Amino acid sequence: MLGSVLPFTPEAADRVSLYCQEHSTDIPAHLRDHWDWTAQSFGDADKMSSMLQGQWMIFTAQDRKPKRILEIGCYSGYSALAWYEGTKDTQAEIITLELSQVMIDASKKAFKKYGVNDRVKLIEGPADESIAQLTGEFDLVFVDANKDGYLAYVRQILDNKLLSANGIILCDNVFARGLTVGKDVSPSLSNAVRPYWSACGKALMEFNDYVYSDSRVDVTVLPLFDGISQIKWKQGKSRAMVDDVTGGNGTHQGNTNANAMDRAM
């Protein structure tokens with residue numbers, strides 16, 4: 001196959017998603033219950049990761065064996081519960097950030113109910129302020145928050161050396177329902193949410209170009225879920241390149257040799 005994405009219709013894509021879910025190791029019953037509760041309780045539950053994505057999170061955590069996880073965007077706590085499940089062997093510390101008081105309350109309720117407060121710490125408030133207070137390194141960073149904040153959050157993580165030498169940053173929704181790629185990519189998207197996702201698409205277009213042009217890191221953008229970006233330090237160059245690119249003061253100077261594509265929506 002020379003291409004990377006099969007040309008599914010929306011109906012076929014739903015069938016393929018269900019097929020993948022049914023042929024992947026299932027999530028624990030309590031995680032499924034929490035997913036169902038969130039889907040029924042919140043009008044914007046589309047912000048929650050899918051059930052299949054929860055399966056992927058558990059698998060990824062079990063495979064990479066992180067000792068510290070940072071999650072930017074907690075929502076109802078579903079993804080944090082998945083990271084918790086996937087790190088039972090490593091007993092990883094999980095720090096998750098959330099701004100919305102409604103979702104903070106929902107997450108606290110879930111964390112208490114499922115007994116995960118021994119390793120999950122919820123930090124309330126604006127993500128940029130919370131990130132600025134963090135110390136140490138994280139082996140896995142999951143970004144799934146306000147899309148216009150992705151660039152600043154990832155830049156903070158890199159500039160402040162919060163990503164471990166062999167760590168990975170996983171950014172969700174980098175396609176913005178397809179509108180990052182172009183206006184015509186998602187014709188079936190509801191007009192009720194199209195303005196929101198159009199704005200997200202513009203922000204994520206800038207974010208994707210920024211990461212691609214940052215000489216400190218390697219990135220792979222995958223057509224998985226609503227687009228996943230995988231970001232890591234260039235092998236063996238993390239500390240040296242941070243100091244070189246930031247001038248040793250944590251301020252990103254950019255890559256003057258990189259020419260990101262100038263794309264219009």
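**Figure 1. Salt bridges in the whole structure.** A search of the whole structure finds 12 salt bridges, a salt bridge being a side-chain nitrogen of Lys or Arg within 4 Å of a carboxyl oxygen of Asp or Glu. Side chains of opposite charge can pair when their charged atoms come close. The model is predicted: local features need pLDDT of at least 70, side-chain atom pairs count only at pLDDT 80 or more, and totals for chains, interfaces and linings use all residues. Residues are numbered from 1 along each chain as its sequence is written, and side-chain values use heavy atoms, with hydrogens and water left out.

**Figure 2. Asp44 and Lys47.** Asp44 pairs with Lys47 in a salt bridge, with 3.5 Å between the closest N and O atoms. Asp44 is partly exposed at 31% relative accessibility (buried means under 20% relative accessible area, exposed over 50%, partly exposed in between; 1.4 Å probe, protein chains only).

**Figure 3. Lys108 and Glu124.** In the salt bridge between Lys108 and Glu124, the closest N and O atoms are 2.6 Å apart. Lys108 belongs to helix H5 (residues 101-113) and Glu124 to strand S3 (residues 120-124), so the pair ties together parts 16 residues apart in sequence. Helices (H or I, at least four residues) and strands (E, at least two) are DSSP runs, numbered from the N terminus. Lys108 is partly exposed at 41%, and Glu124 is partly exposed at 38%.

**Figure 4. Lys234 and Asp218.** A salt bridge joins the side chains of Lys234 and Asp218 at 2.7 Å, N to O. Lys234 lies in the loop between strand S7 (228-233) and helix H9 (238-246), and Asp218 in strand S6 (residues 217-222). Lys234 is partly exposed at 25% relative accessibility, as is Asp218 at 30%.
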